[in-house]
Amino acid sequence: MKLLLINPNISPGITRRLAEAAEAAAAPDTHITPLTAKVGVEYISDRAEAQLAGAAVLDMLAEHASGHDAAIIAAFGDPGLWAARELFDIPVVGMAEAAMHTAAMVGERFSIVTFAPALGNWYRDCVRDTGLSSRLAAIRSLDTGFGSVDRVAEEKEAALADLCTRTAREDGADVVILAGAPLAGLAAHIRDRVAVPLIEQAAASVAQAETLARLGAAARPGPRPAKASSGLSAALMQRLGAVHA
């Protein structure tokens, strides 16, 4: 099985982190193809940047989806997820959606723990769009700055572990999601310090993508009317049924 792992951020370091966490969770017969966005921002932190990232996701899928059994949008917040499902006939899994549905199968109320306060509103939108607002205990984030986003998991490991413990104790969360691509792989390092289960976002995405691929469960995009277009890649134009203006 081949899974396409799309990082809509432009940071290769984050892509490496995501790929390592994904490969650790993948079945022996699963091959991961990691991709890094060519345009966009270092890490997505609000709705405006998510809109830009969604367009990059569609472009990367149009160019690279062929030959893969499923694709993962590896940004917590799932930019472009529903649009991708309208266009592509392989399962497309969002990292946030996969983590939240997994958390909902583990406990009654989950919290989301992340590294930057700016992410909160976007993540709350994502919980609502996934239909799990009633299961959300809290969204907690660090309130201090950090150095390199590629190293925030290591730099803030102790503080993030403490935040997981606090949200379990103070918010009644019985499961915690470590959210945001720069935190991929962190759960394995702090699991023994937190009394409730931790959901590893990349691992949950891989498990969901593998399951959907094996089930043959994917959207079936319908025919699209031809429309004039400008500035789109050839691969995306073909997928959209667009023509040059």
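## The sheet

Four strands form an open sheet in the order β2-β1-β3-β4, with parallel pairing. Two strands count as paired if DSSP finds at least two bridges between them. Helices (H or I, at least four residues) and strands (E, at least two) are DSSP runs, numbered from the N terminus. The edge strands are β2 (31-36) and β4 (92-94), and each pairs on one side only. On average, neighbouring strands are turned by 20° against each other, direction ignored.

This is a predicted model: local features need pLDDT of at least 70, side-chain atom pairs count only at pLDDT 80 or more, and totals for chains, interfaces and linings use all residues. Residues are numbered from 1 along each chain as its sequence is written, and side-chain values use heavy atoms, with hydrogens and water left out.

Strand β1 (residues 2-7) runs parallel to β2, and six bridges join the two. I6 has L35 in β2 as its bridge partner.

Helix α1 (residues 12-25) lies across β1 and β2 and runs at about 165° to β2. Helix α2 (residues 47-64) also packs on the sheet, where α2 touches β1, β2 and β3 (70-73). The direction of α2 makes about 150° with that of β1. Axes are lines fitted to C-alpha atoms, for helices over the stretch in contact; angles run from 0 to 180 degrees between N-to-C directions.

## Nonpolar cores

The largest nonpolar core has 66 residues. Such a core is a set of buried Ala, Val, Leu, Ile, Met, Phe, Trp, Tyr and Cys residues joined through side-chain atoms within 4.5 Å. Buried means under 20% relative accessible area, exposed over 50%, and partly exposed in between (1.4 Å probe, protein chains only). F76, M100, F110, I112 and I177 have the most contacts inside this core. Helix α4 (residues 95-106) gives the largest share, seven residues.

What does I177 touch, leaving aside its neighbours within four places in sequence? Its contacts (heavy atoms within 4.5 Å) are F76, A99, M100, A103, F110, S111, I112, V113 and I199. A second, separate core has 20 residues, among them A65, A71, I73 and F88.

## Packing of α4 and α5

Helices α4 and α5 pack at an angle of about 65°, with their axes 10 Å apart. Their crossing is right-handed. A crossing is right-handed if the near helix is turned clockwise from the far one by less than a right angle, and left-handed if anticlockwise. On the α4 side, A96, E97, M100 and H101 take part; they meet C126, V127 and T130 in α5.

## Salt bridges

The structure holds twelve salt bridges. Each is a side-chain nitrogen of Lys or Arg within 4 Å of a carboxyl oxygen of Asp or Glu. One of them joins the side chains of D125 and R47 (2.5 Å, N to O). D125 lies in helix α5 (residues 120-130) and R47 in helix α2, so the pair ties together parts 78 residues apart in sequence. D125 is buried at 16% relative accessibility, whereas R47 is partly exposed at 45%.

D129 forms a salt bridge with R128, with the closest N and O atoms 3.1 Å apart. In the pair of E170 and R169, the closest N and O atoms are 3.5 Å apart. E170 is partly exposed at 46%, and R169 is exposed at 58%. Both belong to a network of salt bridges that links R140, R166, R169, E170 and D171.
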